[in-house]
Amino acid sequence: MSRKTKGFTMIELMIVIAIIAIVAAIAIPMYSQYIRSAKKTEAIGELISLTASQEDCFNSYRKYCSIAELETYYGTNTTGDYHKIELTLGGDDQSYTAEVFICYDTGGASCNSGNKDLRCVVTNTSDTPDCS
């Protein structure tokens, strides 16, 4: 009488687990990099939106707006989940420098120049943000 066994052997199960571990070891770092890139893109998008709002404000009022004015009248988002934008107006509100601080692991409200992972700057004389 022959005995047929059903199921997988221990070796087969170990091979499957090893394959899953190798795939996970490759996929997790790639996913983490994708998330960091998405957070950076979101912050730069908000900075570019602020720049467009500033130019609109300047064309309308012949001065650049403060953060409070941008948030009130233009709906500019200066604090996101992982970023915070700070704005410095120049003399007589004729120039500005906007900085976005990007923190990958902390909330946007607590993100600042002291604990940032990345900082991007844009001024009224530059077209694109400079990130460092």
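Contact here means heavy atoms within 4.5 Å. I'm also taking helices (H or I, at least four residues) and strands (E, at least two) as DSSP runs, numbered from the N terminus.

Before anything else, I noted that this is a predicted model, where local features need pLDDT of at least 70, side-chain atom pairs count only at pLDDT 80 or more, and totals for chains, interfaces and linings use all residues. Residues are numbered from 1 along each chain as its sequence is written, and side-chain values use heavy atoms, with hydrogens and water left out.

**Entry: the helix pair**

I started with helix 1 (residues 10-61) and helix 2 (residues 67-74), which pack at about 90 degrees with their axes 11 Å apart. That angle makes helix 1 roughly perpendicular to helix 2 (65 to 115 degrees gets that label; under 35 is roughly parallel, over 145 roughly antiparallel, the rest oblique). For the axes I have lines fitted to C-alpha atoms, for helices over the stretch in contact, and angles run from 0 to 180 degrees between N-to-C directions.

Which residues meet there? From helix 1 I listed Leu50, Ser53, Gln54, Asp56, Cys57 and Tyr61, and from helix 2 Ile67, Leu70 and Tyr74. I sorted the residues of this contact into six nonpolar, two polar and one charged. In that sorting, Ala, Val, Leu, Ile, Met, Phe, Trp, Tyr, Cys and Pro count as nonpolar, Asp, Glu, Lys and Arg as charged, and the others, Gly among them, as polar.

**Entry: Thr76**

I then looked up Thr76, in the loop between helix 2 and strand 1. Thr76 counts as buried because its relative accessibility is 7% (buried is under 20% relative accessible area, exposed over 50%, partly exposed in between, with a 1.4 Å probe and protein chains only). Not counting residues up to four places away in sequence, Thr76 touches Leu50, Ser53, Leu70 and Glu71.

Next I traced an open sheet of four strands, order 1-2-3-4, with antiparallel pairing. Strand 1 and strand 4 (130-131) are the edges, each pairing on one side only. Two strands pair if DSSP finds at least two bridges between them.

Strand 1 (residues 83-89) and strand 2 (residues 96-102) have seven bridges; I checked Lys84, whose partner in strand 2 is Phe101, and Thr88, whose partner there is Thr97. Six residues separate these strands in a hairpin, and Asp92 in the turn has a positive phi of about 55 degrees.

Strand 2 and strand 3 share six bridges, and Phe101 has Arg119 as its partner in strand 3. Strand 3 and strand 4 are joined by two bridges, with Cys120 opposite Cys131. These two strands also form a hairpin, with six residues between them.

Where does helix 1 lie? I found helix 1 across strand 1, strand 2, strand 3 (118-123) and strand 4, running at about 165 degrees to strand 2.
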